[in-house]
Amino acid sequence: MGRLFSVLTVFFIVFYMIFANAQQRKDVAMDPVKRKWVDSVYNKLTDRERIGQLFMVAAYSGGKDYNENQIKQMLDSRQIGGVIFMGGTPEAQAQLNNQYQRMAQVPLLVGMDAEWGLGMRLSGVDDLPKAMIIGATRDTALAYEVGKVIALQCKRLGVHINFGPVVDINNNPKNPIINARSFGEDKKWVAKLGIAYMRGLQDNGVMASAKHFPGHGDTDIDSHKDLPTINKSLEQLQSLELYPFNELIKAGVKSMMVAHLQVPALEKDPRTPTTLSKNTVANLLKTKMGFKGLVFTDALNMHGVAKYYSPGEVDLRAFVAGNDVLLFSQDVPTAITKIENATNEGVIEKSDLEQRVRKILAAKYDAGLNNWKPVDVNNLANDLNKYTASLRTRVAENAVTVVRDRNNILTDISRTGMQIQYVGVNSMGNTTLFNQLSQTYGNVNAQWLPANAADNKGDEILKSIDKSGISIVAVHNMSFYPSGGDYGLTAKQLAFLKQVQKKTNVMLVIMGNPYILKNINEASSITVAYEDDVATENAVARLLAKEMPARGYLPVTPYFNMKMEGLPVYATATKPVAGTLTTVDFVEKAGVVNPDALDKLNLFMQRAVAAGAFPGARVLAAKDGKIFYNECFGFCTPDKVDRVNPNTIYDVASLTKVLSTTLAVMRLYETGALQLDRTVGDYLPWTRTSNKSGIKVRDLLMHQAGLKAWIPFYTETLDASGNLRSDLYKTAPDANFTIQVAKDLYLRKDYPDSIWAKILASPIETKGKYVYSDLDYFFLAAIVQQISGKRIDAYVESNFYKPLGLQRTGYNPLDRFKLSEIAPTENDMVFRHQQIQGYVHDQGAALLGGVAGHAGVFASAQDVAAIFQMLLNGGTYGGKRFFKKETVDMFTAYSSSVSRRALGFDKPSTDSEDGGPAGNRTTGLAFGHQGFTGTVAWADPGTGVVFVFLSNRVAPSANNNLINKLNIRTMAQDYIYESLGLPVIRNRAETQRSQLVTHR
């Protein structure tokens, strides 16, 4: 037995060694073809040449540091494995890149420090948005797009690594070097946006490098000049600074850059910065955090390390600490000698050196350097700038942040006769913002306060502001970094801003870093735009012209007690009232326990748009009245001109049934004016001679009155050729043609009589069975009008929409809104022969002038959510009662013995495995409805969740049914519930039985 045990022990040891060796080989991520190439290259190199692969040196393609000869000498000596290009022009860099690669024994790994694109380093290339303005968007799709465009630039110029993203958390306003290079101060958004940016790079073939490990945000010293110290405990670091790095490791970032910092919690030796600390690099990053990618030092010529260690010595220490690639070495030959001697003396394990060199060679293979191709030098600048302008515009329009507007400047500026003045601080005149405001509002008076302004100029402007109706005070040309806290402004300019902020008719517009608000935080109206270029100034101009909402969030807190400011004005335009929807600044405050599910939803929706399920969509979710998810996806039209925004108005189609007619029926029922078991004939005398007279109101609400599902009324208004009948339509209105069914298309005013005649003559075929029918709601709307004396649109406007404070809900939206604010629906080639936008999509409702019981309502997602929140609250909203709770409970409960329907509302299927029209996690208490155009809304008293999904999947064709084939609406709802940790529901059938007993 003992012998058998020994044999088994040996077997398992051998097996473990084989497995461990295989696992080690797996860690370097080499498939057989890659391994063959790496082996062939490695075996050809001498020991010194192998060590040379560790070095990536600065290569300047222009400027005072131009160093072509030095690079060529190192290439001749086979001393370097890569270059980091700095400065110059794209053309010069391309030529040098090709020269250097042809000279290199092993193809060079080429990197650039291009956080906001190659324009950060090269003249002739436009900048892409910086991290802070991306942080203000809270839009991972845009962050991904920035990373993607930078990757395309890098690929075009033969660059394999971009040293970004910066995932330092910028929690120190005095930080002189990170600041606006960070996505912000919220660790979760820094991580989310950093991951998106990283994926944009790596999905498109360029290695990302997260920096500056272990976190450079909470410093007030520039590590280029000295060694900053971070005095935090390990627990504090793990909770905050290390969080984004951990998240990016899990997400698959391929490289990491280590900062020059003094962090006593990680390294007790005060003379050993993090870059040279084995405790930090080898033990923490590589072992405890499990990072397997390339580890780069920050530049070894920076004074954070260079002033303490000699050239060569600092390189050796950095390698011993665990770094794989030594960046910006000041003396490569000396460094190679020191590392070679340390290896021969056993200070460095030869196997460790081999493993790291092979890792670098594997990265070269991944970059395509096994089949290097020269950079095409033709048309470089145009190619590099190809996508920049449009992307800058999209980021700017999603980033502009209204910190506050207590004086209603955004409302008052468009009033007729309002006198407007523009004050350009730190500008000589004629800015894009001023020019655009002048075009929008006519004669805008301008004042300028440049750096060299006369001493009394500020006082003159202050006096003119007192006489002005509204003054837009825009701060231009700010410096990127704090520069002592003035951000490039003079003492006179800062003094003026401190005085002007006290004026009640002023909006401050900060065209740069929001941290300047530390000095000027008393203004009643403040907008922050983060950068100062044509795209950003145009975005501010569009905001002030009321052509777009403010969508941005402050990514940092410029001063104490500012946490709740800087949310989009569409969400916080008024002080929250008890029982109304409010937006949380952190999703956890709404009960989100799995925010990754929301990231999955973002990706799912982006893919749905890419697949063509709809041009764009809006998804909103709230828990217990707290909006925690409120996202826009795609465009209003398939041609991708206008992006969906939070105020986009959609034709909600059959959501009209519950947003309009059912509410009206509930109100009339509650007041006693309508009884559910009375008949159509009781309320509509003109139906009494028809077979519809005996239909009960209750059966209409449950779609079991026996009516046909639908009658295509419009077909009888077409001639034999499919054209509109000239006796029924005209292109301009007159006394007899008053019903507008589309643009420049008017129907004869008596035609609704023909519609009703056809309805009354139709057979009753399925009485007592469930057949979803629009005709039920023709009758219900007529009953509402008969009882109340008001048409359905007027009734719900006065009884619900206005009292609820809804701004963007109602019938016939073109009476109140611009066409550009409304998502189009179908390009109707069968009936109206035009693109339908602003007119109801449903043909039957169109023939009634856009006002019907079953269709016709247009709404924004926020307004739909408010109605459903009112119902979820038991009939109250904003301190007003619209229904008794008993009324809401009765109308939203399962009410039929032959279907899942409630009274007017749809319900989840009672199937234990399938929620039907609702997600699989909704409870049996949920109620809602879907719309033909691609809409849905649900409220769930069992969970406190309101879910709204609006799209225009019928644009350009109603034949597009991907939204249903892919179950997009129900899957989106499931992601929302998953984020809240809510389980799949198995007991809706039991809920149905209890509700039927209670409410029938």
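The model is predicted. The helix is α24, residues 656-670, and the structure holds 23 aromatic pairs.

**Helix α24**

- With 15 residues at 1.5 Å a residue, α24 should span 21 Å, and its end C-alpha atoms lie 20 Å apart, which agrees.
- The helix α24 bends by about 35° at Thr 662.
- Of the 15 residues of α24, 13 are buried, so the rest of the structure largely encloses this helix.

**Aromatic contacts**

- One of the 23 aromatic pairs joins Trp 686 and Trp 756: the ring centres are 5.0 Å apart and the planes stand at 75°, so the pair is edge-to-face.
- This pair links distant parts of the chain, 70 residues apart: Trp 686 is in the loop between α25 (680-683) and α26 (697-702), and Trp 756 is in helix α27 (residues 751-761).
- Trp 686 has a relative accessible area of 41% and is partly exposed, whereas Trp 756, at 18%, counts as buried because the cut-off for burial is under 20%.
- Trp 686 and Trp 756 belong to one aromatic cluster together with Phe 713, Phe 778 and Phe 779.

**Charges over rings**

- Arg 643 lies over the face of Phe 635, 4.7 Å from the ring centre.
- Arg 667 places its charged end over the ring of Phe 883, at 5.8 Å from the centre of that ring.

Methods. Residues numbered from 1 in each chain as written. Predicted model: local features only at pLDDT ≥ 70, side-chain atom pairs only at ≥ 80, totals over all residues. Heavy atoms only, no water. Helix = DSSP H or I, 4+ residues; strand = E, 2+ residues; numbered from the N terminus. Expected span 1.5 Å × (residues − 1). Bend = angle between axes of the 7 residues up to and from the residue. Buried < 20%, exposed > 50% of the residue type's maximum accessible area, 1.4 Å probe, protein only. Phe/Tyr/Trp six-rings, centres within 6.5 Å; stacked < 30°, edge-to-face > 60°. Lys NZ or Arg CZ within 6 Å of the ring centre and 35° of its normal.
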